[in-house]
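Please walk through the following model with attention to where its side chains are packed.

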Amino acid sequence: METLLIVDDDVSLLETLTMHFEDIEQDGQPRYQVVTATSAAAGLKAAQENMPSVVILDMMLPDRTGLEIIEEMKGLCGDARIILVTAYHDMETTIRAMKAGAFDYIHKPFPDPAALDLVVERALEYRQLSRRADEVHRENAVVRLGDIVGTSASMQQLVKEIGKVTGSAATVLITGESGTGKELIARVIHNYSYDETRPFIGINCSAIVDTLLESELFGHEKGAFTGAVAGKPGKFELAEDGTVFLDEIGDMSLMLQAKLLRVLQEREFERVGGVKRVKLRARVIAATHRTLSDEVAQGRFREDLYQRLKVITLFIPPLRERREDISLLVTHMLERINEKVHKRVTRVPQEVMERLTLLPWRGNVRELENVLTRAVVLAPGDVLRGDDLPALELPSGPDASRASPPGGAMFAPPAVDDVSLIPTLEEAERQLIARAMAVTKGHKGRTCQILGISRPTLERKLQKFGLAQGHGPQVHPYPVKDAS
């Protein structure tokens, strides 16, 4: 029988959870012995007296917060897994909770009982496998969340995963489209993992030719090649016991991939032209906008290196798939942009915010920031004007698949006086997809490029709107401009 400690000041909730868990049986015997407490002090005392296997700990208690007592709780009940509970969606607290050693972080109201049972069972499983306390991390670690803003489920999950990653030095692979903030995520992992004295060294693998990239990564000795008039340490050496960030690793040549694989396996390397072995002490975080499994299938990326890199994989969703985060991002970015350009544009009319939410954002967060910066610079007062935002227009013609120009290629409704002529958002989406399929003559790959969505997303939309059997009617919901 496993002991389950539930600490919450909601007495009715305690009674409900107690009955629920005490009714669970395993092999005809009760699965849990449930102990409850209604304050932090009582919870700590119960932990010391009962040595629970799992603790469900409320964040907001009458005397102290759950985050304040988590370290003390762990010290009292050994390797118990602690599940923090809160009614608030606070992303910074989520990361702090995971870093402090919480096994999971869930929100009220609770999911269905089966989902809650699963979290507790996973906690027990992990405890039985590891049988060791989670690592205790510094409370005063430098925290810079930067542009990680949002309340979407995908971003909440990403933040939770980041919190877990900071507890180890394992290699991390960050994937996502260009402009989603892969380097930002790498810096957050670094800042939460180490103190600010440890270096973060980044290099873009697609921006440097192979001959120079090898020297940049591993360093070189004097005379190693023409122009090497002195020895020079590489990024792996300069990073010391900090972090090396390899951006756009999917663009690295096969020759360098082989050398990088050897470094990751042996944790040591040689400078170009040198014979002395240098220890790799830094953590490696890699990022790419490419789908490396596809690159492996095409023979452009080594499978053994891919397996070595994806020890932990974090996916950053594109902005168009988390539109509920856009308003928060806009507010957050305006503060920083105003400070940078010495303006005070603080008011965003509802129709302007709605327009920002509808834009496709093929350039993701980076494009959003560029658009807002331009709009702030051009704004005559403190209001963000719709006139300073890009038009909503659907590209067409032979160049439709090109990347969006600065500000983005958009689709725009015509000006109408009759509100009844404006379609619903769902109907507008159906018409837009049908129009894109018509422009590309049913070519799904090109349609995905035009709309800025993935192939699985397009397939789901085609099924949803009954367009799967063809490329849909020749609808023209909005005026189509020649993108050339």
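Gly452 comes directly after helix H17 and has a positive phi, near 70°. The model is a predicted one. Helix H17 itself spans residues 444–451, and Thr447, Cys448, Ile450 and Leu451 are buried in it. These four cover an arc of only 160° around the axis, so they lie on the same side of H17.

Strand E12 shows another arrangement. Five of its five residues are buried, so the strand counts as mostly covered because buried means under 20% relative accessible area. Which residues of E12 lie on each side? Thr243, Phe245 and Asp247 are on one side, Val244 and Leu246 are on the other, and both faces are covered.

E12 has strand partners. With E9 it pairs in the parallel sense, over five bridges. In that pairing, Gly202 stands opposite Phe245 of E12. E12 also runs parallel to E15, and four bridges join the two strands. Here the residue opposite Thr243 is Arg283 in E15.

In soluble globular proteins, nonpolar side chains tend to be buried together. The largest nonpolar core of this model has 30 residues, and the members that touch the most others are Leu217, Phe236, Leu246, Met252 and Leu260. Strands E9 (200–204), E12 (243–247) and E15 (283–288) each give two or more residues to this core, as do helices H8, H10 (254–266), H11 (292–297) and H12 (303–309). H10 supplies the largest share, five residues.

What does Leu217 contact beyond its neighbours within four places in sequence? The contacts are Ile203, Gly234, Lys235, Phe236, Leu246 and Met252. Of these, Phe236, Leu246 and Met252 are also named, with Leu217 itself, among the core members that touch the most others. Apart from this core lies another, of 24 residues, including Val7, Ala37, Ile70 and Met98.

A search of the whole structure finds five aromatic pairs.

Since Phe236 lies in helix H9 (residues 235–238) and Phe269 in E13, the pair ties together parts that are 33 residues apart in sequence. Phe236 has a relative accessible area of 1% and is buried. Phe269, at 2% relative accessibility, counts as buried. Through these ring pairs, Phe218, Phe236 and Phe269 are linked into a cluster.

Lys164 lies over the face of Phe103, at 6.0 Å from the ring centre.

Key: Residues are numbered from 1 along each chain as its sequence is written. This is a predicted model: local features need pLDDT of at least 70, side-chain atom pairs count only at pLDDT 80 or more; totals for chains, interfaces and linings use all residues. Side-chain values use heavy atoms; hydrogens and water are left out. Rings of Phe, Tyr and Trp (its six-membered ring) pair if their centres lie within 6.5 Å; planes under 30 degrees apart count as stacked, over 60 as edge-to-face and the rest as tilted. Buried means under 20% relative accessible area, exposed over 50%, partly exposed in between (1.4 Å probe, protein chains only). A charge sits over a ring if NZ of Lys or CZ of Arg is within 6 Å of the ring centre and within 35 degrees of the ring normal. A nonpolar core is a set of buried Ala, Val, Leu, Ile, Met, Phe, Trp, Tyr and Cys residues joined through side-chain atoms within 4.5 Å. Contact means heavy atoms within 4.5 Å. The arc is that of the directions from the helix axis to the C-beta atoms. Two strands pair if DSSP finds at least two bridges between them.
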